[in-house]
Amino acid sequence: MQMHKMASTRSLLLCLVAAISWPSSHASSSRRQDDSSPTGYDFVDPLIGTRDGGHVFAGATLPFGMAKAVADVTEDNQGGYASNGSPVTGFSHMHDSGTGGASSLANFPIFVYPGCKGDDINGCTFPKSRRSVDVVEGSVSARPGYFTIGLESGIKAEITAANHTALYRFTLFGNGTGGAAVDAPLSPLFIIDLTDLPNTRSNGSASVDPDTGRISGNGTFRPSFGTGIYQLHFCADFLHEASIRETGVFINNRAGSEPKSIVVGQDNNSPPLPAGAYTWFDTVEAGASITIRVGLSFKSVDQACAHAEREIPDLDFSETLAAAEDIWREKLSVVEINTTGFQDTELQTVFWSGFYRTMLSPQDYTGENYLWESDEPYYDSWYCIWDSFRSIHPFLTLVDPHSQTLMIRSLIDIYRHEGWLPDCRMSLCKGWTQGGSNADVVLVDAFLKNITQGIDWDTGYEALIKDAEHEPPVWDYEGRGGLYSWKNLGYIPADDFDPYGNGLFTRSVSRTVEYAYNDFCIAQVSEALGKQEDYEKYIERSGNWVNLYKSDQEDRGFTGFLQPKYLNGTWGYQIPSLCSPVTELHSCYLNPGGHETYEGSPWLYTFFAPHDMASLITALGGPGAFVDRLDHLHESGILYVGDEQAFLTLFQYHYAGRPGKSTERAHFYIPSQFNTSRGGIPGNDDSGAMGSFAALAMMGIFPNPGQDIYFITAPFFPSFSITNNLSGKKATVKTVNFDTAYENIYIQSAKLNGEDYTKNYLTHNFFLEGGTLELTLGDKESTTWGTGEDDIPPSISTPKS
């Protein structure tokens, strides 16, 4: 296309840079194109959780999309962008959301220079470590499918996405050679760097077409929380009105127009040597835009190009954005909230933003798995099932059972080809196991809730039994370790002798109680399938949690805690509050020096018997003593609600016949720990675990994952409905006496489909078949509703009524 000419003068550029109009930073501002009432989409703020370690991905993507594009900053950047004021090093196309530990993905970032010093290609800086540019204050804004940011070099970046393709629109106002004092024309340079955020590239290649400016290439990288390597490919095209001035490659901090391709291998440089390709445009007028489309594939450059050409054929930014917005609106529309007379937009923002974040991961890589051939769906970025089984997957079963079905099929297919269900998985690599074999819980939860379409439950059951019965050679990244002791001693010893496999010999307490629950979950499927012998075996094993309960262990005026035990049956000792906010919170991680509980204290893990709360309550002194102890957990500072094991403890009052106390806890943590600030979640989001927790708690239907149980608490809204996207049935929860001051937070009575309902829990049948639950609220805890022996959720020692 014919380039636009401009007169490059210092005074003109000063005016242009000063005149940049950056968008509002509030993502909940009105974006509707008509005068209709706001929908859930309009309340989503993707920037919640982008500081203080939340690590939320704030950029543009589709539900469960592979392409996740955003600006990458230099600090606290596990999600790419963080709202911490740190500068931008590039714009990359794949990310994970909410992960702890190391950064992941962010491969092949684009970096844009409005011009190079001295109008010389080597007047620009190429290494990622030296090229960062500050963010224009107030320029960042995001909504589902869209992200925008302004850079002080005089660039406004806008981003949207399709499934495997990122689309960027860069509007150029100034020059990148230092503020408004420029000595070169507005001649934009685009480089694509063969790097990733954690600097793990071992080899790579890039090439550029001198006629079209297309840049393509690939690289080999390492996963962030697992073992192995993965390969990724990209294909980038430009839409522009400028002429291409020059193309070439760079390595280290030098660039040249010949050759047009580069190959780099692993060497002694750490981090890996900067390398990539560039396209340099002739002079453009201030305000000109250049659009870049980047297709992605794990299989090949050709497939990356094909994705891009199919998904965004014309590089039309507005059209692609509109399509992304429509997809997100549809996904969110399955929940309807009646907010008549309800003006608290902050709580609506917390809810809808949490809902939105549960649909960022796991990511749909169907057709991108080069490890095996299969017609089954393939989902990846399971960070990690130890986190996600507790709230993400039960939430998806409610709001998107179709996607949850595809995920279950994917997990079973991973078992078919890898031999084990994953506990964590990313970038086609095996991730580290943190506790039990908790994919078992995800499969069982789906089985109990009638997730059936196209699922081979015979193979699914086979996978469950393998986890329970066979120890892998390395149980750090699949299956369970210590199975000989588990089967013969009924616990994992702190000094376990395990010649059958190897892994980190830590977490003996937390692994014991998780294995017990995993076996209980398997028992439920065994019973449903009529496998009585299996049922009896796994029900018996599910009681093994009690083998580490030391009845005379004292702490803080309470007696009876989980403690480590040795092979010879003698007791060890771990401070009951160790690995809590009051005693060395960060000392129980996944490392050889970890302790006998994982990311939590014996205080916390002592409450983990989700399948036999009746026995636990008896062991802890009965309902009154149990409630006192649970109160102390929440009120003493021992509990860190930013780790997922804490979630269930908010609702375990139900088992003591005190459902009102569960509501109190939910209203304490929301909004004190879950709010609309940039740091508005208490820990990293773990792929949406914090978001799904908040959404479920606010609807007042929190699950006991792996069981057909939803604890009923007072919702945060006057009423809401969920439409099942498989059956089309609608379940509605509505309240009487709801008040926006949240004084009436205690359920006084309930009616289910017009009939009195005294149980303090629901089963999934309500959401499958549809119906109406009506809750009458009051300002004092009821002494009758949900308090009777027949009203509390079942335990294995108290059969369902």
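Me: How many disulfides does the structure hold?
Reply: The structure holds four disulfides, a disulfide being a pair of cysteine sulfur atoms within 2.5 Å. This is a predicted model, in which local features need pLDDT of at least 70, side-chain atom pairs count only at pLDDT 80 or more, and totals for chains, interfaces and linings use all residues. Residues are numbered from 1 along each chain as its sequence is written, and side-chain values use heavy atoms, with hydrogens and water left out.

Me: What is the pairing when the bonded cysteines are numbered in sequence order?
Reply: For the protein chain the pairing is 1-2, 3-4, 5-6, 7-8.

Me: Take Cys116 and Cys124. How far apart are their sulfur atoms, and is the disulfide left-handed or right-handed?
Reply: The sulfur atoms of Cys116 and Cys124 are 2.0 Å apart. The torsion about their S-S bond is about -100 degrees, so this disulfide is left-handed. Both Cys116 and Cys124 are buried (buried means under 20% relative accessible area, exposed over 50%, and partly exposed in between, with a 1.4 Å probe and protein chains only).

Me: And Cys235 with Cys305, what is the torsion about the S-S bond there?
Reply: The torsion is about 100 degrees, so the disulfide of Cys235 and Cys305 is right-handed. Cys235 lies in strand 12 (residues 230-239) and Cys305 in helix 3 (residues 301-311), so the pair ties together parts that are 70 residues apart in sequence. Helices (H or I, at least four residues) and strands (E, at least two) are DSSP runs, numbered from the N terminus. The sulfur atoms of Cys235 and Cys305 are 2.1 Å apart, and both residues are buried.

Me: Which cysteine does a disulfide join to Cys384?
Reply: Cys384 is joined to Cys424, with an S to S distance of 1.7 Å. The link is left-handed, with -55 degrees about the S-S bond. Cys384 lies in the loop between strand 20 (379-380) and helix 6 (385-388), and Cys424 in the loop between helix 8 (401-418) and strand 21 (425-426), so the pair ties together parts that are 40 residues apart in sequence.

Me: What does His393 touch?
Reply: Not counting residues up to four places away in sequence, His393 touches Pro362, Trp382, Ser388, Gln404, Met407 and Val442, where contact means heavy atoms within 4.5 Å. His393 is in helix 7 (residues 392-399) and counts as buried, at 2% relative accessibility.

Me: And what is phi of Asp52 and of Cys579?
Reply: Phi is near 60 degrees for Asp52 and near 75 degrees for Cys579. Most residues other than glycine have a negative phi. Asp52 is exposed at 57% relative accessibility, whereas Cys579 is buried with a relative accessible area of 3%.
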